[in-house]
Number of protein chains: 6
Amino acid sequence: MLRLTPPNFARLEQATSFDVVFGGGEANVAISLAHFGVPSAHVTRFPDNAIGRRATRYLREHGLDASVVLHGGQRIGVYFLEMGAALRASQIVYDRYNSAFSEIKPGMVDWESVLHGASWFHWAGITPALSQGAADVCLEAVRMAKKLGLTVSADIFYRSNLWQYGKTPQEILPELTRYTDLVVASPDAIQLIFGIENDSFPQACERLKKQFPTIRYVVDTHRTSVSASHNDLKGILWNGEAVLESDTFTIDPIIDRIGGGDAFIAGLIYGLMTFEDEQKTLNFATAASALKHTIPGDANLVSIAEVEAVMSGDVGGRLRR
Amino acid sequence: MLRLTPPNFARLEQATSFDVVFGGGEANVAISLAHFGVPSAHVTRFPDNAIGRRATRYLREHGLDASVVLHGGQRIGVYFLEMGAALRASQIVYDRYNSAFSEIKPGMVDWESVLHGASWFHWAGITPALSQGAADVCLEAVRMAKKLGLTVSADIFYRSNLWQYGKTPQEILPELTRYTDLVVASPDAIQLIFGIENDSFPQACERLKKQFPTIRYVVDTHRTSVSASHNDLKGILWNGEAVLESDTFTIDPIIDRIGGGDAFIAGLIYGLMTFEDEQKTLNFATAASALKHTIPGDANLVSIAEVEAVMSGDVGGRLRR
Amino acid sequence: MLRLTPPNFARLEQATSFDVVFGGGEANVAISLAHFGVPSAHVTRFPDNAIGRRATRYLREHGLDASVVLHGGQRIGVYFLEMGAALRASQIVYDRYNSAFSEIKPGMVDWESVLHGASWFHWAGITPALSQGAADVCLEAVRMAKKLGLTVSADIFYRSNLWQYGKTPQEILPELTRYTDLVVASPDAIQLIFGIENDSFPQACERLKKQFPTIRYVVDTHRTSVSASHNDLKGILWNGEAVLESDTFTIDPIIDRIGGGDAFIAGLIYGLMTFEDEQKTLNFATAASALKHTIPGDANLVSIAEVEAVMSGDVGGRLRR
Amino acid sequence: MLRLTPPNFARLEQATSFDVVFGGGEANVAISLAHFGVPSAHVTRFPDNAIGRRATRYLREHGLDASVVLHGGQRIGVYFLEMGAALRASQIVYDRYNSAFSEIKPGMVDWESVLHGASWFHWAGITPALSQGAADVCLEAVRMAKKLGLTVSADIFYRSNLWQYGKTPQEILPELTRYTDLVVASPDAIQLIFGIENDSFPQACERLKKQFPTIRYVVDTHRTSVSASHNDLKGILWNGEAVLESDTFTIDPIIDRIGGGDAFIAGLIYGLMTFEDEQKTLNFATAASALKHTIPGDANLVSIAEVEAVMSGDVGGRLRR
Amino acid sequence: MLRLTPPNFARLEQATSFDVVFGGGEANVAISLAHFGVPSAHVTRFPDNAIGRRATRYLREHGLDASVVLHGGQRIGVYFLEMGAALRASQIVYDRYNSAFSEIKPGMVDWESVLHGASWFHWAGITPALSQGAADVCLEAVRMAKKLGLTVSADIFYRSNLWQYGKTPQEILPELTRYTDLVVASPDAIQLIFGIENDSFPQACERLKKQFPTIRYVVDTHRTSVSASHNDLKGILWNGEAVLESDTFTIDPIIDRIGGGDAFIAGLIYGLMTFEDEQKTLNFATAASALKHTIPGDANLVSIAEVEAVMSGDVGGRLRR
Amino acid sequence: MLRLTPPNFARLEQATSFDVVFGGGEANVAISLAHFGVPSAHVTRFPDNAIGRRATRYLREHGLDASVVLHGGQRIGVYFLEMGAALRASQIVYDRYNSAFSEIKPGMVDWESVLHGASWFHWAGITPALSQGAADVCLEAVRMAKKLGLTVSADIFYRSNLWQYGKTPQEILPELTRYTDLVVASPDAIQLIFGIENDSFPQACERLKKQFPTIRYVVDTHRTSVSASHNDLKGILWNGEAVLESDTFTIDPIIDRIGGGDAFIAGLIYGLMTFEDEQKTLNFATAASALKHTIPGDANLVSIAEVEAVMSGDVGGRLRR
């Protein structure tokens, strides 16, 4: 999606210019992984015009393989972001219907070829919410991913107002979850989407795994919102046996409120691919997520070394020469 | 429509920020008239969100009565403008389908109340091209305008690729033209839309009037495009008897390529409302149109005195203190 | 007044560009009310030149009725604002003498017509400080306001260095206060302006009311300035019987230091016009004032719903989608 | 004066920011001379506040000796500049009354000390137009300059609307001219100010010299204004015997319309101080003036070598590496 | 090289900010080819720091394969560009010594692997001017290119002041030219570098080919510099038999003076790879070069269709919707 | 050095523009002193090109005497600054080798003339780290300074990676320290550079003085880095007898992380030159340092009155009108 933000904390109502970046859950995850040195690609669909070329350029400049982008359709989704501060919240106005990507159809992507040689596939719950075509293509993807032996992760969240093409998350998400190894979800989302009543995060996780035995990890973040400019962040991870908690990281001030969740997921994927240690992985992911909020734009442009420093307690921001 | 332009002649592909203005044929005409001191209103429909409020603010700051704006729908149309220079043309990428305005329906506007006390109504051919609803509402408007004794003008141009809701301009525009006093149209447009074959502008005009006897004026502009930065402009007007030609005005450099036609129409409306002299009116309109191209944005923010100075040959741009 | 601010916390001494907004106590109050949906007008006087047109445009874009603006005079007042941060204070350099408004004279405004249909009139103590003419016009206004049954509020503060035309606040403000229902004033101001010695806010209020029986409310704000970037804000209101205190709101960081008092007054006016509940009114006004400091410019561009959310404790700035 | 210009050819009415430079006839001349390597100082008066410090900084950064600046008064004069293009003229809105400089009084400047060691003094006709004090101080200066043997130049132009303190240019300028060696003036100005009727530039010059025998040179420029973006420039100089004409230089596009006359004068002063050759001096001055219009701001930031290249016909602007 | 340009035609001396792009002959050629759809890579060496990452990002966003970039060294070359206008020339200040690329050494690039599958190799005369290492690596490259059957082109120009490591162009360039098929060079350069006296372009070409029989094409451009803002451009090509001339293209105004030569070369390479017709190739290349000057930055971000339109005479810049 | 900073907290990797200021330890100290009203000069060497002129302009605009700047060499040192926030540190990428200043040689500066009439000389440990020439010139300077009776201060810090010309700080700094009265150094630096083992700051100071009897003061700052946006600052000063500590000042948020140490030194120099009271001097210096971090750029543009207010506890940043 094209993200348009008035500079200097202006309200959308005041905008005389917009800063231009692009974003979207899966793209953000992929870009962060690319910055960790993991070769990454982003499958999407852009209109075959100058705005589509601008978007492609964004993917390429952030190190993604853009050769798998499809071209067609009329428009790219847009979101307008108002940067909040102190007790004024950041706000998003979406304009994303009828995007080129939402008009994707099964068969358009040659998933076997796209996923060839890959080890991980990630999808976000927003994708199957867009259209039947997007849901179908997502299902194509996870089936092929599993067939080819990839690990599959999903960021499952529930925003009922997104689902406007006649299906509910309850009808679509369970089938997709059947092919998924790592799920990002809160206990509330688990209850709402899968109908799994629960009193606690571990209980929700256990019951979820009973229903979807492929799941190995369920993760979530706890965000304490002191103000729009000051959040505290903690990650939690259920590994089938226990719930691990990360350190809590303070972000004050927040430079960009968007993309923390995607940075967290990228950190998890990198950690699980790299470290033996699940606790280290969780700390790495949470530190990465905290760092994201100090960077303008949707994507987390940090190195492994930078995340590891924060993870190790180097949060004082001492000048580096 | 929200207009997004990368500054400093950057290509859309290079955009890292967009300048924000708004535009649209009828709004541009109304704003120019407001700057001539003519109380003007713009009937449109904006989504009930921060972007809609931004657009309303635009209308108000340019002196329009925004109390007649409807609120509803999902989005506002967008167009991306790349500023050309020298031998690189300015280019527009439209993203305007499913706009709040295109979803307007008959009955939403209380035309009797809106037009009460007004003396002129203007519509552009783009409006009935958007949707059946927009075409129907346009017809409501011109019928009520005629009933209430307003003069009606129309900017009829032919872009077949705009008409995507199943109707053709040939099916819709003639009925609207039946209520119209002043038509902006080229001989080609007259042939394509109304099927009126013609060898010359006066012939086209005469034959058009035979078919649509309400028409009193047909006007057009001749634009010589030396380069994207240098155009020469001449207006022509058929008054039922003869073709008048304006002086030719040189615009070099062009600061903003958009809105020249709308500025021309506003100049015509002002002139016909004010001057006795049709030749003076045509010169005024053409000078206004030329001045428009020196002003950033869609709208012509000039005073009567400024147009009259240019019209009188003061085109040397001598510093005013 | 034209407000000129160097961007990005630069000192005035460093300025290579200025951001342009406009401001002034009464205008700020009116704009905030317009954003609460209350039809509002601002009576002022601008020079009849491009800067005056720019200022008029500002009023209109913020939703005010600008038809009551007078045109004449040489200049508009200017103030230069340096944005402070941390332990460096924000600073204002005024350049406001000989403004078109300060040259206003009795009889220039047809107050009967301007106030026709209105229910509230607000004036600020800065106005009668500018010139004898401004003081006289202010008196014209409050007399007509009272005659027509409007509620009158006043922001009475004491800056002795403003009064440079030969009169003192002690000579002018009491007569104006005789027509006023709601006074914004600190105990110190009450002592200095009206010579009312007092030991406490309620005592000052009671004694003030004895002298000016029309007064129904006296209000003030307590601002704890932790730093130029972090203030805590509490409102207090004396209703003739008791002193109510609002919740305390933390603003950290402050995006714009200006206009908090005007936003507070607009909140009071809206609350007293709308709510039955004085405590709710006070909380609303204080929350509105706190929100103001998160918005660039002089004026408080927030909706009722946004203020009510903060008032209800939703101060964590959670992202809104 | 503080000069405020909306960027990118926006009208003043559209301004959301202003670019900040400073300007004024004598300052512009001095800065250009400083860039030619001539030690130069600018005598003026700034308020003792942050805006005065900003102005002082401007003088210093452009290489002037700012130690002779007086501090006091309330404000600095301001002018708003709208950049024109093509057939829209550049426009200035002045806001310069009651400036710190206009309140200067005889005795404030120790001219003997200031002019000690200098060889040239320049004044502009705008200065004695501001106030009786400014006229008196100007007279102090030229008398001391003559006493100390300096050459004196003056840019005498006639804008009657500037003279608002009760005196006319006809009352004030002749006495100042009595101490002047080089006068920049058009035949019209010579007639209007000195009452010297004339049919031609040489006739005007001869008659002027009869009245003011100190005058050695009278100079003027001929500017052909093809458009606000394209001017052609020629200098003319009367040396007591003949009228010399410079080459004509084409400026297309004009980057900044202001300061061409001051750059011309600086070129004359430098040339007369340096070259034996009056024709060369005139060409140098005119080439300098043309170059000025390619540079943003009031002042001509070019080197001697750059002027000499243009003067020698190198006007094609070939890339320099 | 990192290119730093003050915006809005400011002089370098005035700069308060720099626009950031990157450039360099071979990179510019490769990027233009990538925009024509030709897969392209750029072999260079960047420091392993954030500025090196910024440069890599530039290559990637413009569609180049950046996997062949070497990492090491201390710095990237910098050039400061002042944008000229009218009779003020654009100017470059170089700061490029000791760049990471200039410290490249033979053996660092695995040319066999890099050139595998490629059909064309291009080098610029600036490269062997930097250091012995760069000259050696260039020689490695052209030898391997010839061995693998690639076509080799070279932009040979003579700036003697570049050669500061102890060798002269006369010592180095001839050996490199022995492996080259297409040479961009003026008759003067041919005389200076190769000692080939000549009276005309065809004579120079013929004599050059006698000495370097691999050469199939010699090309040059004729640039008429009316001003820094207005150039006319014509390409010429010697194909071993005759000299072809392209149409002349007018660029007015020039948006960016840099990169025209590289765009010309990219057009030649594309044309020779694609068209049968040498005249068409030359027109294509010259039109591409003219278009380049309308685009901010070093690189020519145009499509084949855009070049073909200009080549076919569509130079009037008519608005495209 | 030329300092290049991407605006709005962007990472260097994201930069599309750089803000331009200049900096360097000694220049920063001199500029701060100039803002305290102390006539100051900065001895350095700039290339004789437009970038050198830009740098000279920077010195002049900040009130320094630039007549002592030498001209020559190829380039000016550059540093790229990434502004950090919250838990992301600010980062510097240096590009300063082969600068014009580093190529300075003994005899180039006429120190007797430069130091004539001065009372204080300050040098920073970075200077002798650059080259043998710079070290030699620094030694020339301190010897002449002592000979002429100036007080000498030094900011001695240890960054071993700076010393790349074959000498170590241990070889060079002791000789320079022999002529120094005030040393800014941490206990660690004292141990590393002078081989003086120590357990505490006073012990380090006493032992240092034994070795260098000219030393009268050793000072240091304690910086608590809560985050990149929030630091607490305390100064300590050993006066030969005791260690004094300043108050602790909180800076939240930090607007510019650079230059705090230089501002501290300027405050010390001013205090020791002005106040009798060493404690007051230390508080003044630390308050000045804290204020520096609220100002964009390297230099501390504050007045004595502003520092004294903060020093006296006025840290709440109350709006000044």
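Mentor: Helices here are DSSP runs of H or I with at least four residues, strands are E runs of at least two, and both are numbered from the N terminus. This model is predicted: local features need pLDDT of at least 70, side-chain atom pairs count only at pLDDT 80 or more, and totals for chains, interfaces and linings use all residues. Residues are numbered from 1 along each chain as its sequence is written, while chains are lettered from A and ligands numbered from 1 in the order in which they are written.

Trainee: Okay, what comes after α11(C)?

Mentor: C:G313 follows α11(C), and its phi is positive, near 100°.

Trainee: And which residues of α11(C) are buried?

Mentor: A residue counts as buried if 20 or more other C-beta atoms lie within 10 Å of its own, exposed if 12 or fewer, partly exposed in between, with C-beta atoms placed from the backbone. In α11 of chain C, residues 304-311, the buried ones are C:E306, C:V307, C:V310 and C:M311. Looking down the axis of α11(C), they fall within an arc of 135° (from directions between helix axis and C-beta atoms), so they line one face of the helix.

Trainee: What do those residues pack against?

Mentor: Contact means C-beta atoms, placed from the backbone, within 7 Å. The buried residues of α11(C) pack against α9 (260-274) and α10 (278-292) of chain C.

Trainee: How many residues does each chain put into the contact?

Mentor: Chain B gives 23 residues and chain A gives 23 residues. On chain B's side, the elements giving two or more are β2 (17-22), α2 (50-61), β5 (78-82) and β6 (91-95). α2(B) gives the most, with 5 residues.

Trainee: In which sense do β2 of chain A and β2(B) pair?

Mentor: Strands pair if DSSP finds at least two bridges between them. β2 of chain A (residues 17-22) and β2(B) run antiparallel over 3 bridges. One bridge partner set is A:S17 with B:D19 in β2(B).

Terms used. Two residues are in contact if their C-beta atoms, placed from the backbone, lie within 7 Å.
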